[in-house]
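Please read it alongside the sequence and the structure.

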Amino acid sequence: MFELDPDENTALIERAADYHAEAQRQRALGTVEGYETAITLSEEAARLVDQAQARAASLREKAQALSDLLDALSAEALDDWRDRACRARERLQPYSKHWTPDLASDAKEALASLDQVELNLGRISTDVRERRLFRQSELDGAIEILSHASASMDEARERIRRLASEAQRIEDLRRGLREAVEELNRQTLPELSRLSERMLPEVR
């Protein structure tokens with residue numbers, strides 16, 4: 001579970017407290033100018049408190065969204081999809097007639113997209129990446145970076161699924177052909193041989 005540091009809210013509340021203290025000091029002067037300044041400072045302090053409360057309302061939700069993105073982009077998930085891409089490529093490459101430039105491009109782009117995910121993960125702080133500490137001031141930037149990484153991951157998965165599907169299609173065709181040949185050898189050819197033996201010599 002991650003630790004959450006509301007550093008932005010803390011700074012806002014501290015500024016509001018400073019404004020409030022200064023408003024009190026101005027009011028104590030007992031002058032018209034002091035009262036006017038105190039009102040302005042009190043209004044600014046209240047605005048900062050409202051701003052902090054508004055940000056606090058979405059803080060936990062943003063932190064959870066960031067945690068969910070990290071789950072989807074884990075090292076285990078990246079390794080798994082990279083292995084799938086390599087296996088699909090290895091299954092397809094022996095079939096030179098089917099290993100088209102489009103399929104080769106899909107394999108290359110899928111691995112490049114996974115590399116991009118790793119690059120994006122490297123752009124966020126270690127505290128965030130390892131879920132040690134989520135600072136409020138880093139949440140929006142980290143979510144934006146990981147959203148781009150997630151899009152790259154989705155693109156990679158789609159390409160890898162196409163490769164795996166094509167590999168399966170070709171293997172199913174080969175399997176069907178092999179079974180048909182085996183059936184031919186097992187039943188059809190012996191039957192033709194028996195028929196040939198029963199035929200009259202002149203019609204053989």
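Throughout this briefing, a residue is called buried when its relative accessible area is under 20%, exposed when it is over 50%, and partly exposed in between, using a 1.4 Å probe and protein chains only. The model is a predicted one, in which local features need pLDDT of at least 70 and side-chain atom pairs count only at pLDDT 80 or more, while totals for chains, interfaces and linings use all residues. Residues are numbered from 1 along each chain as its sequence is written, and side-chain values use heavy atoms, with hydrogens and water left out.

**Overall architecture**

- The chain holds six helices and two strands, these being DSSP runs numbered from the N terminus, with helices (H or I) of at least four residues and strands (E) of at least two.
- In sequence order, these elements give the pattern β-α-α-α-α-α-β-α.
- The radius of gyration of the chain is 34 Å, whereas a compact globule of 204 residues would have a value near 17 Å; the radius is taken over C-alpha atoms, and the globule rule is 2.2 Å times the number of residues to the power 0.38.
- Along the principal axes, the C-alpha atoms fill a box of roughly 135 × 25 × 25 Å.
- Of the 204 residues, 30% count as buried.
- The accessible surface comes to about 13,000 Å², and 51% of it belongs to carbon and sulfur atoms; these areas come from the Shrake-Rupley method with a 1.4 Å probe, and for residues only the protein chains shown count as cover.
- Among contacts (heavy atoms within 4.5 Å) in the chain with a separation of 6 or more, 78% are accounted for by residues 24 or more positions apart.

**Nonpolar cores**

- A nonpolar core is here a set of buried Ala, Val, Leu, Ile, Met, Phe, Trp, Tyr and Cys residues joined through side-chain atoms within 4.5 Å.
- The largest such core has 29 residues, of which Leu 66, Leu 114, Phe 134, Leu 146 and Met 153 touch the most other members.
- At least two residues of this core are supplied by each of α2 (32-72), α3 (75-92), α4 (101-121) and α6 (136-198), and the largest share, nine residues, comes from α6.
- Apart from this core lies another, of eight residues, which includes Ala 88, Leu 103, Ala 107 and Ala 167.

**Around Phe 134 and Ser 67**

- Beyond its neighbours within four places in sequence, Phe 134 is in contact with Phe 2, Glu 3, Leu 4, Asp 5, Ala 63, Leu 66, Ser 67, Leu 70, Val 128 and Leu 139.
- Ser 67, which belongs to helix α2, is buried at a relative accessible area of 7% and, leaving out residues up to four places away in sequence, touches Phe 2, Arg 131 and Phe 134.
- Arg 131 lies in the loop between α5 (126-129) and β2 (133-135), has a positive phi of about 55° although it is not a glycine, and is partly exposed at 27% relative accessibility.

**Other helix positions**

- Gln 24 is found in helix α1 (residues 7-28) and counts as partly exposed because its relative accessibility is 42%; its C-alpha atom is separated by 8.7 Å from that of Ser 42, 18 residues apart along the chain.
- Ala 45, in helix α2, is buried with a relative accessible area of 7% and, not counting residues up to four places away in sequence, touches Ala 16, Tyr 19 and His 20.
- Ser 150, placed in helix α6, counts as buried at 19% relative accessibility, and it touches Leu 69 and Leu 73 when residues up to four places away in sequence are not counted.
- Leu 119, in helix α4, counts as exposed because its relative accessibility is 56%, and the C-alpha atoms of Leu 119 and Ala 149, 30 residues apart along the chain, are separated by 8.4 Å.

**Ring interactions**

- The charged end of Arg 84 sits over the ring of Trp 81, 4.2 Å from its centre; this label requires NZ of Lys or CZ of Arg to be within 6 Å of the ring centre and within 35 degrees of the ring normal.
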